[in-house]
Amino acid sequence: FDRKGRIGGYVERVRRNEAVYWTTIDPQQLDISHDTELTAAVRQVFFAGPVDVSWEAGASYRWNRDFFRNEPNFRLSVQVGLPLGRPSRDAGGVLATSEKGREDGAAPSAEGTKQ
């Protein structure tokens, strides 16, 4: 993470329909395994003036989807965001602050308000 943006990735394993598996599939001792998905992805956000541009590319594989078949899945997404009602970034990508609110856009604390 720096003034230009951030880049990263993730790996995720999800088991789905566990209640159905344990109450329906397992008691019948069918030769069917859990509905499980494994996903890996990379993503990046970069700041272009007041605009945030992000992309993500990932792949997943789901074993025994709904206890019937295996299923691969691929995803590529691009998003462009323009924050409204939030402090803007300066040319270097740093959030600007003001007396009205904090850097993260939250309301000022009671200490910072004038009576």
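Analyst: One definition to start: a nonpolar patch joins nonpolar side chains within 5 Å, taken from residues with over 30% relative accessible area and no salt bridge. Note also that this is a predicted model.

User: Which residues make the nonpolar surface patch, and what is its area?

Analyst: Val11, Leu38, Tyr61 and Trp63 make the patch. Among them, Leu38 is found in strand S2. The nonpolar surface patch covers about 380 Å².

User: Is Leu38 buried or exposed, or in between?

Analyst: Buried means under 20% relative accessible area, and exposed means over 50%. Leu38 has 38% relative accessibility. Leu38 therefore counts as partly exposed.

User: What kind of aromatic pair do Tyr61 and Trp63 form?

Analyst: The structure holds one aromatic pair. The ring centres of Tyr61 and Trp63 lie 4.8 Å apart, with the planes at 65 degrees. Planes over 60 degrees apart count as edge-to-face. So the pair of Tyr61 and Trp63 is edge-to-face.

User: What is the relative accessibility of Trp63?

Analyst: Tyr61, its ring partner, counts as partly exposed at 30%. Trp63 also counts as partly exposed. The relative accessibility of Trp63 is 36%.

User: Where does Thr39 lie, and is Thr39 buried or exposed?

Analyst: Thr39 lies in strand S2, which spans residues 35-48. Its relative accessible area is 11%. The cut-off for buried is under 20%, so Thr39 is buried.

User: Which residues is Thr39 in contact with, leaving aside neighbours within four places in sequence?

Analyst: Contact here means heavy atoms within 4.5 Å. With those sequence neighbours left aside, the contacts of Thr39 are Tyr10, Val11, Glu12, Ala59 and Ser60.

Technical notes: Residues numbered from 1 in each chain as written. Predicted model: local features only at pLDDT ≥ 70, side-chain atom pairs only at ≥ 80, totals over all residues. Heavy atoms only, no water. Helix = DSSP H or I, 4+ residues; strand = E, 2+ residues; numbered from the N terminus. Buried < 20%, exposed > 50% of the residue type's maximum accessible area, 1.4 Å probe, protein only. Phe/Tyr/Trp six-rings, centres within 6.5 Å; stacked < 30°, edge-to-face > 60°. Patch = residues over 30% accessible without salt bridge, like charges linked within 9 Å, V, L, I, M, F, W, Y side chains within 5 Å. Areas by Shrake-Rupley, 256 points an atom, 1.4 Å probe, with all protein chains shown as cover. Salt bridge = Lys/Arg side-chain N within 4 Å of Asp/Glu carboxyl O.
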